[in-house]
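The sequence and the structure are shown below.

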Amino acid sequence: MLDGQSASAAATMIERFEQIRPLLAEHSGRFDTDRRLSDEAFGALSDAGFFRLLLPVPLGGCGLSPLDFMAVVEHAAALDGTIGWLVGNGGGMSRAGGYLPLEAAQKVFGNPSAFVASSTGAIGKAVPAKSGYRIIGRWPFASGAPHATTFAALCEVDEGQVPGNGRIVLAFLPREAVNLIDNWHVSGMRGTGSWDFEADNAFLPAEFVCDFQPNPTQAGVVYRLPGVSAFVWTVATVPLGIAKGAIDALISVSSGHRRLGITVPIAARELVQAEIGRCLAKCRAAGAYMRSAMSALCASVESEGSDLVAARINYRLACSHAAEVAVRVVLRVNDLIGARALAESQPFERRERDVRAAAKHIAMSAEQFVIGGRYALGGDISGASF
């Protein structure tokens, strides 16, 4: 898809999000107690196409560019971290339509409510069998598991070699082939339903298995991003979206809210004005760095340049930096609003828990600063994951 077409598609998706915003806001209060997205919220997002953001256009998807995808996910996360996380995961994994053979992709995404839940938190086994593989293992953190129709499991092909030396693949298992384990009891991002799933010798035809760094079946740089970078990218913009949502929430109540013992509304206090200005600047700077780093990564992939390692490391630095900025911004906003930020009825308390949880994801690990610094200093990064 051309950049102009992608931008237009992204604008359409944001318009659709605004149309369903009242319903999503109404149901968001249930996410924590239910520990999953409500069926109504999932249905609204699915019907509007938010789980097809990266699905190739010929397969009925939006086919967004990397930067436009980030904009849509961030917009969703500003309303609610759970929604942003699942739009990022579900919409992000729809890129599988650009990896799989056409017939297999049509089967995975032929269901209008298709949602691919993925996990890179463990590596299972893919044992070669006639016309396919036997899939064995248990995988954690499959966000959106309660509604998922397909589960993408990271596996090592078991051909009798020493474990750890085999080919790494993604196996796209239908829901009926896995056992779901409802063990998502956490403090933040409770509504994401990030359950474990397991497969016990489940047969999977070969067309539903592809290399973790796949050979694309569709045109577009989206489908040629390095495997690790692609997984990171689907959720890395969520913390910034949560931070921007926190700022918006403070702004919406600031004209009428006074802290105890202070006679002027917080909107009229220069301390608050200065701090909100700083928070906005930090979020915008972190977002610009992420987009610049993603643009450089895409350019390197397109040109097959020698700077791909540096571009990948730079992008991971940008993601980890953005997560740290987002956490600090949300904490500062909650400090400014005072005790009101403690109330579950207010739009502040859950954002603090959610942004902390999101920032703990391996996609935004502080370990990336070590790798980036080691690389800059000429150290050995041959065993590093980035």
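## Exposure of an aromatic pair

Phe 141 is exposed, at a relative accessible area of 52%. Trp 184 has a relative accessibility of 13% and therefore counts as buried. In these terms, buried means under 20% relative accessible area, exposed means over 50%, and partly exposed lies in between, for a 1.4 Å probe and protein chains only.

The model is predicted: local features need pLDDT of at least 70, side-chain atom pairs count only at pLDDT 80 or more, and totals for chains, interfaces and linings use all residues. Residues are numbered from 1 along each chain as its sequence is written, and side-chain values use heavy atoms, with hydrogens and water left out.

## Aromatic contacts

A pair of aromatic rings is described by the distance of the centres and the angle of the planes. Rings of Phe, Tyr and Trp (its six-membered ring) pair if their centres lie within 6.5 Å; planes under 30 degrees apart count as stacked, over 60 as edge-to-face, and the rest as tilted. Under this rule there are nine aromatic pairs. In one of them, the ring centres of Phe 141 and Trp 184 are 6.3 Å apart and the planes stand at 80°, so the pair is edge-to-face. This pair links distant parts of the chain, 43 residues apart: Phe 141 is in strand E2 (residues 132-142), and Trp 184 is in the loop between strand E5 (179-181) and strand E6 (195-205). Helices (H or I, at least four residues) and strands (E, at least two) are DSSP runs, numbered from the N terminus.

Phe 151 and Phe 197 form a tilted pair, with 5.0 Å from centre to centre and 45° between the planes. Here too distant parts of the chain are linked, since Phe 151 belongs to strand E3 (residues 150-157) and Phe 197 to E6, 46 residues apart. Both Phe 151 and Phe 197 are buried. Elsewhere, ring pairs join Phe 42, Phe 51 and Phe 115 into a cluster. Arg 95 lies over the face of Phe 231, 4.9 Å from the ring centre; a charge sits over a ring if NZ of Lys or CZ of Arg is within 6 Å of the ring centre and within 35 degrees of the ring normal.

## Strand pairing around E1 and E3

Two strands pair if DSSP finds at least two bridges between them. Strand E1 (residues 116-129) runs parallel to E3, and seven bridges join the two. Along this pairing, Gly 124 stands opposite Cys 155, and Ala 126 stands opposite Val 157. E1 is also joined to E2 by five bridges, in an antiparallel arrangement, where Pro 128 has Tyr 133 of E2 as its bridge partner. E1 and E2 form a hairpin with two residues between them, and Ser 131 in the turn has a positive phi of about 65°.

E3 pairs as well with strand E4 (residues 168-174), antiparallel and over seven bridges; Ala 152 has Phe 172 of E4 as its bridge partner. Eight of the eight residues of E3 are buried. Thr 150, Ala 152, Leu 154 and Glu 156 point one way from the strand, and Phe 151, Ala 153, Cys 155 and Val 157 point the other way.

## Helix packing

Helix H8 (residues 238-254) and helix H9 (residues 270-303) pack at an angle of about 155°, with axes 11 Å apart. H8 and H9 are therefore roughly antiparallel, and their crossing is left-handed. The axes of helix H10 (residues 308-337) and helix H12 (residues 367-376) come within 9 Å and cross at roughly 140°, which makes H10 oblique to H12. The crossing of H10 and H12 is left-handed.

Axes are lines fitted to C-alpha atoms, for helices over the stretch in contact, and angles run from 0 to 180 degrees between N-to-C directions. Angles under 35 degrees count as roughly parallel, over 145 as roughly antiparallel, 65 to 115 as roughly perpendicular and the rest as oblique. A crossing is left-handed if the near helix is turned anticlockwise from the far one by less than a right angle, and right-handed if clockwise.

## Individual residues

Met 189 lies in the loop between E5 and E6. Its phi is near 55°, a positive value in a residue other than glycine, and Met 189 is buried at a relative accessible area of 4%. Asn 201, in strand E6, has a positive phi of about 65° although it is not a glycine. Asn 201 is partly exposed, with a relative accessible area of 39%.

Pro 56 lies in the loop between helix H3 (39-47) and helix H4 (66-79) and is buried, with a relative accessible area of 3%.
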